[in-house]
Structure formats: C-alpha cells, structure tokens
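Please have the sequence and the coordinates at hand.

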Amino acid sequence: MTEETGTVLVEPTEDNGKERYYVRFTLAQRYLHAMLFTSFLGLAATGLPMRFSDNATARVFASAVGGFGAILFLHKFCAIVLTLAFLYHLKDLATRVFVDKEKGIFWGPNSMVANWKDVQDLVGHLRWFVGLGPKPKFDRFAYWEKFDYWAVFWGMIVIGFSGYAMWFAPFFARFLPGWALNAVLVVHGEEALLAILFIFSIHFVPMDMVIFTGKETEEEFKKKRTLEYERLAAEGKLETRVGDRPVYWWVNFAKVIGFTAILIGLVLLVLTLIGYFGTS
C-alpha cells in the first residue's frame, strides 16, 4: 500500500469477495493527529493544576510529579510538541497549494472551509433530529468536522500566542503594554478551559476508529459520506481509495489507546468542573 501526505493514493487490492476498505486518512495525517491529541492531553493534565493551584487535588498531583516547577516544564514541553504539529500542518498545506498545485484546498467538496451547503446541512440535520425532514447527505467533511478543525486553529492562535507571551514575557513586554500581559494570563486560562470542556465532552465521543486505522468499510463510507462515495464512483476514482483490511492487532491496540484517551479526558473534565465550581 502506498500512502502520500496530503493526498490519498493507494494501490487497489482485491479482497476475494470480502468486505472492502477505503482509505480516509493517510499515515502522516494519523501521526499528526496522534501528536495533537497526546500533546493536548498533556497540556490539559499539566495546565489544570496550575490554573487551580489552590485546589487540594492539584497540590497532591503537583507533589507527586515533583512540584509545580516540574508541571510547568512538562506543560511547556507539550506546548512545543503541539506547536510543531501545527507548523507541520501549515507546511503541508503550503506545499499542497503552492508546490503541488492541488485544487480544492480552500473551496469545494474536499475543503475544510465552510460553505453554503454546510449551512443547509446544519439546518437539515436539526430538522431531522426533530422528525421534520430527511437526514442530509454529507460529503468528505461534515459541518461539525469543519467546526472542530477551525476550533483548533482558533485555539492555536489565541491559546498559543497567549501562552508564549507569558513564557517569553520580557521579550513581549518590549512592545506590549503591561495590561496586555495581564490580559493574556486571563485569556490563556479561560480559553484553555473552554477547549477542555468542548474536547472532552463533545469531540471525544463517540470514538471513530478511522482516525487510528485510516480506513473504513464500504458500508461506513456509503453511510457517513454518501455524496463523496457517489462522486468518486461517478468519476471512476473509487478504486484509487481501496486499501487493505486493517490488521487485527492494530485495531485492538487502537481501541485501547482510544478508550484510554477518553477515560483520561473524562477524568480531566470532572476535575475541571470540580476545580472551576469549587473556586468560583
């Protein structure tokens, strides 16, 4: 099987009449997502004790890992990992746009940029929830997936800049007023809490194994992304997406990783609520 960053290109395989699998995410994209969610878990686990440092649980945790100095070090390390993942993604986008001349990055069915169809899908989905219409058919990326994607971009800009402004305060103090440095402390903490609440309560569940295996069955493909499946079939490009069946051990390993991440996220979510309402 051949996988290339940014584009999905696999060698078609015959599965002897068995269920077929289609590639949705490349190996590089899955590695990037692994860096994203592990570093985010690390940032949440180390950021919460500092945000609620007066909480008894936070002090116990800090003591167990070597104090708040150790927590701050781990927090900065996770921030660097997340920043590198974000910069790699930007580099990948730039390469696909300006070097590979790939079309459809900023507009069209394969783009993460929201369009009028996403508005129609949102309205149609809400109508379907209450029994007032049929369930809309989705393309490669549904409206909620685009929302998640741009939420990360917003978070990287707001949380990232405010975090680095605090980390390198003497440098930023050269051209930012004192009140701005005080403001970034508030912005960093509150925006991070918002991200934690959203990610751990909405984004994490239900878990979709495709982000770990990179592949989905033909039935899943047709059901979840009907318009993409129909478009590729009409264009005669469906075979270029066929991939091998995910190996059994990797699926089980991915389930362990996924459920562990969800468990950690739920624990951090509970601790966030306890810390927030316990200190308000």
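The points below are grouped by topic.

This is a predicted model, in which local features need pLDDT of at least 70, side-chain atom pairs count only at pLDDT 80 or more, and totals for chains, interfaces and linings use all residues. Residues are numbered from 1 along each chain as its sequence is written, and side-chain values use heavy atoms, with hydrogens and water left out. Helices are DSSP runs (H or I, at least four residues), numbered from the N terminus.

**Helix 4: span and ends**
- Helix 4 comprises 14 residues, 116-129, and reaches 20 Å from its first C-alpha to its last, close to the expected 20 Å; the expected span is 1.5 Å times one less than the number of residues.
- The N-terminal end of helix 4 is capped by N115, a side-chain oxygen of which lies 3.0 Å from the backbone nitrogen of K117.
- After helix 4 comes G131, with a positive phi near 75 degrees.

**Helix 4: burial and packing**
- D118, D121, G124 and H125 are the buried residues of helix 4, where buried means under 20% relative accessible area (1.4 Å probe, protein chains only).
- Viewed down the axis of helix 4, these buried residues fall within an arc of 125 degrees, so they line one face of the helix; the arc is that of the directions from the helix axis to the C-beta atoms.
- Helix 5 (143-167) is included in what covers the buried residues of helix 4.
- The axes of helix 4 and helix 5 come within 9 Å and cross at roughly 120 degrees; axes are lines fitted to C-alpha atoms over the stretch in contact, and angles run from 0 to 180 degrees between N-to-C directions.
- D118, D121, L122 and H125 of helix 4 make the contact with Y143, W144 and K146 of helix 5, contact meaning heavy atoms within 4.5 Å.

**R140 in the loop**
- R140 is found in the loop between helix 4 and helix 5, and counts as buried at 8% relative accessibility.
- The side chain of R140 reaches the backbone oxygen of R24 at 2.8 Å.
- A polar contact (a pair of N or O atoms within 3.5 Å, one able to donate a hydrogen and the other to accept it; residues adjacent in sequence count only if both atoms are side-chain atoms) joins the side chains of R140 and E228 at 3.1 Å.

Technical notes:
Helix = DSSP H or I, 4+ residues; strand = E, 2+ residues; numbered from the N terminus. Buried < 20%, exposed > 50% of the residue type's maximum accessible area, 1.4 Å probe, protein only.
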